[in-house]
Amino acid sequence: MSRSGGGMEPAANFGPNGQQHSRERCGHFQMPLHYPRFTRADYESMPEWKLECVLKEYGLPVTGNVEQKRKFAMGAFLWP
């Protein structure tokens with residue numbers, strides 16, 4: 001048994017259908033280390049696509065209209 005390079009090689013990140021995933025995408029779930037650092041004003045002006053990415057990043061549901069998503073995100077991430 002021979003090993004090339006003698007070190008550990010990083011494993012590729014492949015999805016269930018064999019397609020390779022990139023970490024820049026917001027469509028896969030990996031538990032983040034920190035809460036998002038957005039303010040109420042940030043959430044109120046955030047475009048829908050970004051709200052969806054933040055919710056998906058934390059494994060939360062992405063349903064409803066933009067105002068429902070905004071309200072859900074603020075309830076989940078903002079402290080009273």
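Trainee: Why does Lys71 count as exposed?

Mentor: Its relative accessibility is 64%; the cut-off is over 50%, so Lys71 counts as exposed. Lys71 sits in helix α3, residues 66–77. The C-alpha atoms of Lys71 and Glu44 are 8.8 Å apart, although 27 residues of chain separate the two.

Trainee: Which residues of α2 are buried, and what covers them?

Mentor: Leu51, Cys53, Val54 and Leu55 are the buried ones in α2. Their cover includes α1 and α3. Over the protein chain, buried residues make up 20% of the 80 residues.

Trainee: How many helices and strands are there in the protein chain?

Mentor: The protein chain has 3 helices and 0 strands, giving the pattern α-α-α along the sequence. Helices (H or I, at least four residues) and strands (E, at least two) are DSSP runs numbered from the N terminus. Just after α2, Gly59 has a positive phi of about 70°.

Trainee: Why are α2 and α3 called oblique to each other?

Mentor: Their axes cross at roughly 40° and come within 10 Å. Axes are lines fitted to C-alpha atoms, for helices over the stretch in contact, with angles from 0 to 180 degrees between N-to-C directions. Under 35 degrees is roughly parallel, over 145 roughly antiparallel, 65 to 115 roughly perpendicular and the rest oblique, so α2 and α3 are oblique.

Trainee: Which residues of α2 and α3 meet?

Mentor: From α2 come Glu48, Leu51, Glu52, Val54 and Leu55; they meet Val66, Lys69, Arg70, Phe72, Ala73 and Phe77 of α3.

Trainee: How many aromatic pairs does the count come to?

Mentor: The count is 4 aromatic pairs. Rings of Phe, Tyr and Trp (its six-membered ring) pair if their centres lie within 6.5 Å; planes under 30 degrees apart are stacked, over 60 edge-to-face and the rest tilted. For Phe38 and Tyr43, the centres are 5.6 Å apart and the planes stand at 70°, so this pair is edge-to-face. Tyr43 is buried at 0% relative accessible area, whereas Phe38, at 25%, is partly exposed. Tyr35, Tyr58, Phe77 and Trp79 form one aromatic cluster.

Trainee: What does the protein chain average in pLDDT?

Mentor: The average is 77, and 60% of the residues score at least 70; pLDDT is the predictor's confidence in each residue, from 0 to 100. Helix α1 (residues 40–45) has the highest mean, 96, and helix α2 (residues 48–57) the lowest, 94. Where pLDDT is low, the predicted coordinates should not be read in detail.

Note on methods. Residues numbered from 1 in each chain as written. Predicted model: local features only at pLDDT ≥ 70, side-chain atom pairs only at ≥ 80, totals over all residues. Heavy atoms only, no water. Buried < 20%, exposed > 50% of the residue type's maximum accessible area, 1.4 Å probe, protein only. Contact = heavy atoms within 4.5 Å.
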